[in-house]
Amino acid sequence: MKKINALAILGLIVLGACGPRNLAPAPMAMPMDPAAAAAPVVDDNAAIAGRVLQQINTLRGNIGLSPLQPSPALEAASLVHSRDMSAQNRAWHWGSDGSSPLDRAQRQGFGGEIIGENISETYENEIETLAAWMSTRDTRDVIMDPTATQLGFAWFKEPSGKVWWTLLTGR
């Protein structure tokens, strides 16, 4: 009996040695400004939008793309949609009134073309949300589209802490 227990323990040790040595999360697929990644979640609209714009422009610059410029109209459309998703309690691209991203942008005075819209409902901060968008091709393409010139980014935070995020790119 002792021999079997010793062999079982030895087997568990050997199997344990075959497992991953680093149990830390895998590195993000995007470069991070350590100061931005360590920044606490603060409900300061300008600071959060500034960090997102800085991170996106760093990512775009890394592959030779032009930086995006903030668009007040796209930001306003993003905020309207973030609040509306919260009211509907679902993350999707259609407003409760049937509006599309283009409809919402035009209502806020945007006269250009919409490239795309990224949305999310999370309890994460803006940098974690951006990292999630960058890890999926469809949402990454909205951010990294070479024809995009403008960015709108906003969120709505519920009392529970759930955050509804909307990002619009356009030209």
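Within helix α7, the residues Thr139, Val142, Ile143 and Met144 are buried, a term that stands for under 20% relative accessible area, with exposed meaning over 50% and partly exposed lying in between (1.4 Å probe, protein chains only). The cover over the buried residues of α7 includes α3, β2 (114-122), α6 and β4. The model described here is predicted, so that local features need pLDDT of at least 70 and side-chain atom pairs count only at pLDDT 80 or more, whereas totals for chains, interfaces and linings use all residues. Residues are numbered from 1 along each chain as its sequence is written, and side-chain values use heavy atoms, with hydrogens and water left out.

The protein has 7 helices and 4 strands, where helices (H or I, at least four residues) and strands (E, at least two) are DSSP runs numbered from the N terminus. Read from the N terminus, these elements follow the order α-α-α-β-α-α-β-α-α-β-β. Of the 171 residues in the protein, 40% are buried. When contacts (heavy atoms within 4.5 Å) between residues at least 6 apart in sequence are considered, 67% join residues at least 24 apart.

Helix α6 (residues 126-134) packs against helix α7 (residues 137-144) at an angle of about 105°, and their axes are 6 Å apart; axes are lines fitted to C-alpha atoms, for helices over the stretch in contact, and angles run from 0 to 180 degrees between N-to-C directions. The two helices α6 and α7 are therefore roughly perpendicular to each other, given that 65 to 115 degrees counts as roughly perpendicular, under 35 as roughly parallel, over 145 as roughly antiparallel and the rest as oblique. On the α6 side the contact is made by Leu130, Ala132, Trp133 and Met134, which meet Thr139, Arg140, Ile143 and Met144 in α7. The residues of this contact comprise 6 nonpolar, 1 polar and 1 charged, where Ala, Val, Leu, Ile, Met, Phe, Trp, Tyr, Cys and Pro count as nonpolar, Asp, Glu, Lys and Arg as charged, and the others, Gly among them, as polar.

Helix α6 also packs with helix α3 (residues 45-62), here at an angle of about 35° and with axes 10 Å apart. In this contact Ile48, Arg51, Val52, Gln55, Ile56 and Leu59 of α3 meet Glu126, Ile127, Leu130 and Met134 of α6, and by class there are 7 nonpolar, 1 polar and 2 charged residues. Helix α6 is itself mostly covered, with 7 of its 9 residues buried, namely Glu126, Ile127, Thr129, Leu130, Ala131, Trp133 and Met134. The N-terminal end of α6 is capped by Asn125, a side-chain oxygen of which lies 3.0 Å from the backbone nitrogen of Ile127.

Two further buried positions were examined. Ser78, located in helix α4 (residues 72-88), counts as buried because its relative accessibility is 0%. The side chain of Ser78 reaches the backbone oxygen of Gly152 at 3.4 Å, and, when neighbours within four places in sequence are left aside, Ser78 is in contact with Gly152, Phe153, Ala154, Thr166, Leu167 and Leu168. Lys162, by contrast, is placed in the loop between β3 (150-157) and β4 (163-170), and its relative accessible area of 14% means that Lys162 is buried. Although 41 residues separate Lys162 from Glu121 in sequence, the two are 6.9 Å apart in space, C-alpha to C-alpha. With neighbours within four places again left aside, Lys162 is in contact with Asn89, Glu121, Thr122, Tyr123, Phe156 and Lys157.

Terms used:
A polar contact is a pair of N or O atoms within 3.5 Å; within protein, one must be able to donate a hydrogen and the other to accept it, and residues adjacent in sequence count only if both atoms are side-chain atoms.
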